[in-house]
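This report looks at how two protein chains meet. Read it with the sequence and model at hand.

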Amino acid sequence: MRPDPDDEIEGPERDRALMRAHVAGDPDAFAELVRLHQGRLWAVALRTLGNTEDAADALQDALVSAFRAAATYRGDAAVTTWLHRVVVNACLDRVRRGKARPTVPLPETDLPTRKDDHAVTETRLDVTAALARLPEHQRVALVLVDMHDMPVAEAAQVLGVAEGTVKSRCARGRAALAAVLAAQGWNPGTRPDVAEPGTTNPAPPTGDTT
Amino acid sequence: MSPATHGAHPSPEEVDALLDRSPDTDVYDVDLEERVGVHVADCEECRRLLEGMRAVRGLLRAEGARVPELPAGLDDRLAAALARASAEREGTIVPIANGREARERTGDRVPRWLTAAAGLAVLAGAAVASSQLFDVEGSDSVTGTQAGAGQAESADDALAGLTRASGTDYRPDQLATQVDALLAGTAAAELDATAGGDVTAETRSGAAPTEAPLADSDLRDSPLADPAGLAACLAELDAAGQVPLAVDVATWEGQPAAVIVLPDPSGGDTLQVWVVGPRCGLDGDQLLHFQAVRR
């Protein structure tokens, strides 16, 4: 039975109840589950793939797959963790099969060079564009851990890897991003720039010349 | 992780470990952390790396706090996709690929030369019947069509005029009987045409057919009335090159549909009955029902 909206069940228990109802044949339970979480899942897909079209295709594929495979959900992890895993796998599958639109990769060296910052040539920072240039395994780790504030342990479940692997990917991804942004004139020594609501890019760093 | 020393730079993972260092944590090797921390404190490059990592994490967290809106229409698109999945689960719609799998599981593989030959033999009569139904020229055309039936020059020729609009509302519990009637109606037209007479509603078995008088208007908008459209439909069913025994643009449980009857690939008395959407997957998968029916 689908949980009554008037019941006090919330969060993970509500999600588990909806999954049970869906597996039992409730025709509306899964749609309710999607309604509750599609915003966050959409954000993960968009930030992983970097463009709206690929993210929409991947999210649709993922949700239909999750609908069909719901009986395989064992309840060991939270439903949201399971859903995130399905979405991330769908996104990575698109990248690996060459279905995703190509991004401009970073240079082959994984680590930033330990040199002085270059002179400022650009005024605008685009952390999203820089993120899109990371290798997908680093990008996904940062999307989950830093952008979505997911605990490392949960991110490890989503990605199906060890926690140490997630930490390593985050560390190298942060280092690589710092190098990319520094090359664009960003000075990490200043207060981190936060994009104003409604804007696409963060505000230029203080002191930068145009 | 390799132990850091004053001379060797720590790895990015070791530097990154300093981001959340706390003397209370039991996640990291505290002794290692102290050595990395001491190095970073004395190393400008590593200190800059640590600052960069910390600042990047701040940027990502800030970016992550903004939840991107779903693009217009995506909500509806996802709902439609899940509705289709739900209908599949209830058995009302089966992806055509699953229909192929079902057919293969029953061992109904189709030797195309056999099916084509069998189909052409039936088609000879069907073509005659069609000419009677849609062309009122009379026996001359019947004779001419008969003579040419065994020499269909192209796949499209073989499919021309095959499709009917019987007005039957097909249902799962009556499918076998309804298919019999559909074929009997076609067969009856063959016999009548061969004899040079008009098409009548009599059947070989004497059972009253369920067919209403044909309505050309029912076929006018159906892609299956066009040989190329029917050929595309058969290709979608993994039956390209086969000639159906009957194609009926009708309804399935009250909904617009098309019924396609294919002969038994082994020459036996089992028929393959495909019930598809009215456009037969030409606008996307839509297999409503698949059943092997014994004559």
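A salt bridge is counted here when a side-chain nitrogen of Lys or Arg lies within 4 Å of a carboxyl oxygen of Asp or Glu. By that rule, the interface of chain B and chain A holds 3 salt bridges. The model is predicted.

**The interface as a whole**

On one side, 41 residues of chain B take part; they are in contact with 53 residues of chain A. Together the two chains bury about 4,000 Å². Carbon and sulfur atoms carry 64% of that area. Polar contacts are also present: 10 residue pairs, with both residues at pLDDT 80 or more.

Which elements of chain B give two or more residues to the side that touches chain A? They are α1 (12-16), α3 and α4 (74-89) of chain B. Of these, α3(B) gives the most, with 16 residues. By residue class, the side of chain B that touches chain A divides into 22 nonpolar, 4 polar and 15 charged.

**Salt bridges**

Side chains of opposite charge can pair when their charged atoms come close. Over all chains, the whole structure has 14 salt bridges. Two examples follow, one between the chains and one inside chain A.

| Salt bridge | N to O distance |
|---|---|
| Arg172(A) with Glu13(B) | 2.6 Å |
| Glu32(A) with Arg35(A) | 2.7 Å |

Glu32(A) and Arg35(A) both belong to α2 of chain A, residues 29-49. They are 3 residues apart, about one turn of the helix.

Which residues of α6(A) meet α3(B)? They are Leu142(A), Asp146(A) and Met147(A). Facing them in α3(B) are Arg57(B), Leu60(B), Arg61(B), Glu63(B) and Gly64(B). This contact divides into 3 nonpolar, 1 polar and 4 charged residues.

Notes
Residues are numbered from 1 along each chain as its sequence is written. Chains are lettered from A and ligands numbered from 1 in the order in which they are written. This is a predicted model: local features need pLDDT of at least 70, side-chain atom pairs count only at pLDDT 80 or more; totals for chains, interfaces and linings use all residues. Side-chain values use heavy atoms; hydrogens and water are left out. Contact means heavy atoms within 4.5 Å. Helices (H or I, at least four residues) and strands (E, at least two) are DSSP runs, numbered from the N terminus. Ala, Val, Leu, Ile, Met, Phe, Trp, Tyr, Cys and Pro count as nonpolar, Asp, Glu, Lys and Arg as charged, and the others, Gly among them, as polar. Buried area is the accessible area (1.4 Å probe) that two parts lose on being put together, summed over both. A polar contact is a pair of N or O atoms within 3.5 Å; within protein, one must be able to donate a hydrogen and the other to accept it, and residues adjacent in sequence count only if both atoms are side-chain atoms.
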